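Take a look at the chain below.

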Amino acid sequence: MEPTDVNAQMVHPILARPDATTLREISRGQWRSCNAAWLGWTFDGLDMHLYTLVAAPFVAQLLGALSTTDPRVGRYGSIIQGGFLLGWALGGGFFGRLGDRLGRARALSLTVLTYALFTGLSFFAHAWWHLLVFRFLAALGIGGEWAVGASLLSET
């Protein structure tokens, strides 16, 4: 055997084959990475968009406001959404570094666990700032999921 043949046989099963030109030639590990990233993006997108449907009534209830048109609802809802966007940005950096240390697959699992846990805990908020903290922490996971998922997918 020539050295090039030995090297071709030592290709890791998850890594892309340079000669893969059709979907049938993509390895099982590559499909699994793709599905994991896609499911993560689907569920965090669902989390983000479902929240927008319930944000005004939820914040109004936390503030004791009689109507969702109360100016306080818009003000505190905007603060909560700003905290969410900040957490999303910071989560990409935090979980990106964590993915470098723990591995992309483990970090991806942690991001999904983070946003699922803190989205669920949002139900238990008793004040607007509780919701702010829970949404910020959930967004850390969402931002991390986008960064880690994209890295995992591109590496495989």
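The protein chain has five helices and zero strands. Read from the N terminus, its elements run α-α-α-α-α. Keep in mind that this is a predicted model. The chain holds 156 residues, and 34% of them are buried. Now consider the contacts between residues with a separation of 6 or more. Of these, 65% join residues 24 or more positions apart.

Go inside next. The largest nonpolar core has 16 residues. Y51, F58, V59, V73, A125 and L131 have the most contacts inside this core. Which helices each supply at least two of the core's residues? They are helix 2 (28-63), helix 3 (71-102) and helix 5 (128-155). Helix 2 gives the largest share, with seven residues. Find F58 and look around it. Leaving out residues up to four places away in sequence, F58 touches Y51, S122, A125 and L131.

Now move to the surface. The accessible surface of the chain comes to about 9,700 Å². Carbon and sulfur atoms account for 68% of that area. One nonpolar patch on the surface is formed by W38, L39, F43, L46, L50, L53 and V54. Together, these residues have about 720 Å² of accessible area. Pick out L46, which sits in helix 2. Is L46 buried, partly exposed or exposed? Its relative accessibility is 45%, so L46 counts as partly exposed. The partly exposed range runs between the 20% limit for buried and the 50% limit for exposed.

Finish with T111. This residue lies in helix 4, which spans residues 104-121. T111 has a relative accessible area of 0%, so it is buried. What lies 2.6 Å from a polar atom of the T111 side chain? It is the backbone oxygen of L108. Not counting residues up to four places away in sequence, T111 touches F95, G141, G144 and E145.

Terms used. Residues are numbered from 1 along each chain as its sequence is written. This is a predicted model: local features need pLDDT of at least 70, side-chain atom pairs count only at pLDDT 80 or more; totals for chains, interfaces and linings use all residues. Side-chain values use heavy atoms; hydrogens and water are left out. A nonpolar core is a set of buried Ala, Val, Leu, Ile, Met, Phe, Trp, Tyr and Cys residues joined through side-chain atoms within 4.5 Å. Buried means under 20% relative accessible area, exposed over 50%, partly exposed in between (1.4 Å probe, protein chains only). Helices (H or I, at least four residues) and strands (E, at least two) are DSSP runs, numbered from the N terminus. Contact means heavy atoms within 4.5 Å. Patches are made of residues with over 30% relative accessible area and no salt bridge: like charges are joined within 9 Å, nonpolar side chains (Val, Leu, Ile, Met, Phe, Trp, Tyr) within 5 Å. Accessible areas come from the Shrake-Rupley method with a 1.4 Å probe; for residues, only the protein chains shown count as cover. A salt bridge is a side-chain nitrogen of Lys or Arg within 4 Å of a carboxyl oxygen of Asp or Glu. A polar contact is a pair of N or O atoms within 3.5 Å; within protein, one must be able to donate a hydrogen and the other to accept it, and residues adjacent in sequence count only if both atoms are side-chain atoms.
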